[in-house]
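Q: Could you take a close look at one part of this molecule, the sheet, and then at a pair of packed helices, explaining each step carefully?

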Amino acid sequence: MTAFVAHLDADCFYVSAERVRHPDLIDKAVGVLGNNGACVIAKSYEMKARGVKTGTPIWDAKALCPEGVYVKRDFYWYEVLSRKMLGIVGTFSPKVEYYSIDEFFFRAERLHPRQNLHQTATAIRDHILEAAGLPVTIGVARTRTLAKLFSDTGKPFGAVAVLERDHERELLATLPVTEISGIAGRRAARLAPYGIRSCLDLADADGRLVNRLLTKTGYEIWLELNGTPVTPIRPERPPHKALGRGGSLMGNVDQPVVLWAWAVRHVERLIEELNYHNVRTTALAVEVGWKTGGSTCGVVSIPTPTDRFDDLLDAARVALRRAFVPYATATHLHVLATELRRGKGFQLSLFDTPDPKKDAAAQAKAAVNARHGRFKVRSGVTLYLPAVYADPANNFDICDVRGKICF
Ligand SMILES: [Mg+2]
């Protein structure tokens, strides 16, 4: 018997999440704003109909949709609802993958012997709305790629089950190849000379040609389009190869002390991640994005695997110096631990002496913050970022949501 895959995607998730706690927002045009309140990062269907897109600056959005309600994002709340949704799906399926904050893949199994998979998808969708207050769309098909494509056609609040080849072909013919995630501009341009424009064109193309044009990744998509599953459902996230924290500097930064304050903030966030995943690193990279475009990166190797603030601070100082461009204006900064070692069996060399005092200080800092709130104890250097720490919305970030497979 064929095993079917379901793809669940919450409809305008951040907006729906705001509506769960503010029901007066239901039926209104709602825009959720990013970090510094400058851009719309999610919009309701009402706002979308007015021409507001993801990434539209707030001033343009207000011109297009003056009666819209604009709220600042709150990833802490979105994660609460995301986990609730994940829990609900887990009661319907033995195998669930936490793909992103609002998208899951799971094994689709009939809830009842007399029910078909379309009825099952509908029942799960309706239950999530009732139990969590979130509208979602579910697509069921033979592979992940097909399930994701077909759920997109069912938005909003859809339940689509495509179980037969003829039905698959009929829908694939209506979808441009760019609907497949991973096939955008350049890849699509490579296909166009061969007359491959729709997903069905791609499915019907010669597999060897696809392999040549789009490499192995494209070939795997081709297999999945033809009903051969390549990627299984992954209930556990594979171990990280690297961990990083960072992002926008919420404006232009041209003072070195402020840039350093951001680097230290992200080192403190990175340490939380290293501790959570029980890993240490032997290399640290600092990458800075500049206003003129482009970025620079400094990398430092660390002799002994570490997750300790003082070690990582020393490394970050050197790495930032290597990435630094004098008199330039920075807009982004990331701190990355790139050589991870698992928690057990850290090998101390002959020259490395353990430092119980510094380990104790690190533990005390973590304990106070766990008890009294994140960043309650933090480096004095970060006092250069008063606005960042004064706004509780910055205590939580989308990349702090753990266990999901994709950003
Ligand atoms: Mg979504």
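A: Two strands are said to pair if DSSP finds at least two bridges between them. In this predicted model, strand S2 (residues 30-33) and S4 pair in the parallel sense, and four bridges join them. Within that pairing, Val30 stands opposite Val69 in S4. In general, the strands of a sheet are held in pairs by backbone hydrogen bonds, and the pairing can be either parallel or antiparallel.

Widening the view, we find that S2 and S4 belong to an open sheet of three strands, whose order is S3-S2-S4 and whose pairing is mixed. Strand S3 (40-43) and strand S4 (69-72) stand at the edges with a single partner strand each, and therefore one side of each has no neighbour in the sheet. Neighbouring strands of this sheet are, on average, turned by 30° against each other when direction is ignored.

Now to the helices. Two packed helices are described by the angle between their axes and by the distance between those axes. For helix H4 (residues 75-90) and helix H5 (residues 117-132), the axes come within 10 Å and cross at roughly 135°, which means that H4 is oblique to H5. The crossing of H4 and H5 is right-handed. On the H4 side the contact is made by Leu81, Lys84, Met85 and Ile88, while H5 contributes His127, Ile128, Ala131 and Ala132.

Key:
Residues are numbered from 1 along each chain as its sequence is written. This is a predicted model: local features need pLDDT of at least 70, side-chain atom pairs count only at pLDDT 80 or more; totals for chains, interfaces and linings use all residues. Axes are lines fitted to C-alpha atoms, for helices over the stretch in contact, and angles run from 0 to 180 degrees between N-to-C directions. Helices (H or I, at least four residues) and strands (E, at least two) are DSSP runs, numbered from the N terminus. Angles under 35 degrees count as roughly parallel, over 145 as roughly antiparallel, 65 to 115 as roughly perpendicular and the rest as oblique. A crossing is left-handed if the near helix is turned anticlockwise from the far one by less than a right angle, and right-handed if clockwise. Two residues are in contact if their C-beta atoms, placed from the backbone, lie within 7 Å.
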